[in-house]
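Q: Can you walk me through this one? I'd like the overall layout, then the details.

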Amino acid sequence: MALEVAVKAAVGAPNVLGDCPFSQRVLLTLEEKKIPYKLHLIDLSNKPEWFLGVNPEGKVPVVLFDGKWVADSDVIVGILEEKYPEPSLITPPEFASVGSKIFGSFVSFLKSKDTNDGTEQALVAELSALDEHLKTHGLYIAGEKVTAVDLSLAPKLYHLVVALGHFKNWNIPESLVHVHNYTKLLFSRESFEKTKPPKEEYVIAGWAPKVNA
Ligand SMILES: N[C@@H](CCC(=O)N[C@@H](CS)C(=O)NCC(=O)O)C(=O)O
């Protein structure tokens, strides 16, 4: 039986898959494990009653496990690994936090209006650390095979590339060759193609209110 999964709908297009990186992480895990699922697209600007009823916090993603809707991508991915152990996507603990500060650094830089506040340098430092890691451990963070940490990072890197390209005309420095190869590898996986927002403009529309705040 297909698992029921509620994820973000696109901003301005409630019938289209949206741009939530936490939702995409869950969908990537389902795709990589070949678990059948049924999607519910949630318009976050007009949340349906049933969704708020099962999940009063109102956040996506949520997944129905054994009759109970479960929130939070960390928790959901953990349950999926337990219930569907093959193929294993377990990241060895020593690699689990690689790249974990990139998303926060990206958001700070994206929202920054002061070019000298160090947010760009902080992001470059985090990306450089990832580059160093990949240089010695690649292709993926834990080696030859994709694992959970890559599936968490992939949508965040996609947001980084699209949003910083659009709002700041900024690209990941060319010198970070391993990061470039890594993003190409991730973004071209079949699972990623299938679960990413169908147009970049949905990612841009998702960030616009935060950038212009
Ligand atoms: N820690 C949560 C974060 C989920 C989250 O922040 N989701 C956002 C969308 S990407 C959300 O639902 N926000 C509620 C809203 O915008 O009303 C997870 O990993 O699942």
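**Strands, domains and helices**

A: Let's begin with a strand pair. This is a predicted model. In it, β4 and strand β5 (residues 68-71) pair in the antiparallel sense, over four bridges.

Q: Which residue in β5 is the bridge partner of Leu 64?

A: Trp 69 is the bridge partner of Leu 64.

Q: How many residues sit between β4 and β5 in the hairpin?

A: Two residues lie between the strands of that hairpin. Asp 66 is in the turn, with a positive phi of about 45°. Asp 66 is not a glycine.

Q: Is Asp 66 buried or exposed?

A: Asp 66 counts as exposed, because it has 7 C-beta neighbours inside 10 Å.

Q: What does β4 pair with besides that? I mean β1. In which sense do β1 and β4 pair?

A: Strand β1 (residues 3-10) and strand β4 (residues 62-65) are antiparallel, with three bridges. Val 5 has Val 63 in β4 as its bridge partner.

Q: Where is Asp 72?

A: Asp 72 is in the loop between β5 and α3. Its phi is near 85°, a positive value in a residue other than glycine. Asp 72 has 15 C-beta neighbours inside 10 Å, so it counts as partly exposed.

Q: On to α3, then. Which residues of α3 are buried?

A: Helix α3 covers residues 73-83, and Ser 73, Ile 76, Val 77 and Leu 80 are buried there. Seen down the axis of α3, these buried residues fall within an arc of 95°, so they line one face of the helix.

Q: Which exposed residues are on the face of α3 turned away from its buried side?

A: Asp 74 and Glu 82 are the exposed residues on that face.

Q: And what do the buried residues of α3 pack against?

A: They pack against α1, β4, β5 and α6.

Q: Zooming out. What domains does the assignment give?

A: The domain assignment gives domain 1 (3-83) and domain 2 (93-211). Taken over C-alpha atoms, the domain centres are separated by 22 Å.

Q: How many residues of domain 1 are in contact with domain 2?

A: 16 residues of domain 1 are in contact with 19 residues of domain 2. On the domain 1 side, β2 (13-17) and α1 (21-32) each supply at least two residues. The largest share of that side comes from α1, with eight residues.

Q: What classes of residue make up the side of domain 1 that touches domain 2?

A: Eight are nonpolar, four are polar and four are charged.

Q: Now the core. How many residues does the largest nonpolar core have?

A: The largest nonpolar core has 49 residues. Val 7, Val 26 and Ala 154 have the most contacts inside it. Helix α6 (residues 148-168) gives the most to this core, ten residues.

Q: Why does this core lie between domain 1 and domain 2?

A: Domain 1 (3-83) and domain 2 (93-211) both give residues to this core, so it lies between them.

Q: Back to Val 7. What is it in contact with, leaving aside neighbours within four places in sequence?

A: With those neighbours left aside, the contacts of Val 7 include Gly 18, Cys 20, Ser 23 and Leu 27. Leu 39, Leu 41, Ile 42, Val 60 and Pro 61 are also among them.

Q: Val 60 and Pro 61 are next to each other. What kind of peptide bond joins them?

A: A cis peptide bond joins Val 60 and Pro 61, with omega about 0°. Pro 61 lies in the loop between α2 (49-54) and β4.

Q: And what about the peptide bond from Gly 138 to Leu 139?

A: That peptide bond is cis, with omega near 5°. Leu 139 has its place in the loop between α5 and α6.

Q: Last topic, α4. Which of its residues are buried?

A: In helix α4 (residues 102-111), the buried residues are Phe 106, Phe 109 and Leu 110. They cover an arc of only 100° around the axis, which puts them on the same side of α4.

Q: What do the buried residues of α4 pack against?

A: They pack against α5 (119-137), α6 and α9 (200-211).

Key: Residues are numbered from 1 along each chain as its sequence is written. This is a predicted model: local features need pLDDT of at least 70, side-chain atom pairs count only at pLDDT 80 or more; totals for chains, interfaces and linings use all residues. Domain bounds come from an automatic or database domain assignment. Two residues are in contact if their C-beta atoms, placed from the backbone, lie within 7 Å. Ala, Val, Leu, Ile, Met, Phe, Trp, Tyr, Cys and Pro count as nonpolar, Asp, Glu, Lys and Arg as charged, and the others, Gly among them, as polar. A nonpolar core is a set of buried Ala, Val, Leu, Ile, Met, Phe, Trp, Tyr and Cys residues joined through C-beta atoms within 7 Å. A residue is buried if 20 or more other C-beta atoms lie within 10 Å of its own, exposed if 12 or fewer, and partly exposed in between; C-beta atoms are placed from the backbone. The arc is that of the directions from the helix axis to the C-beta atoms. Two strands pair if DSSP finds at least two bridges between them.
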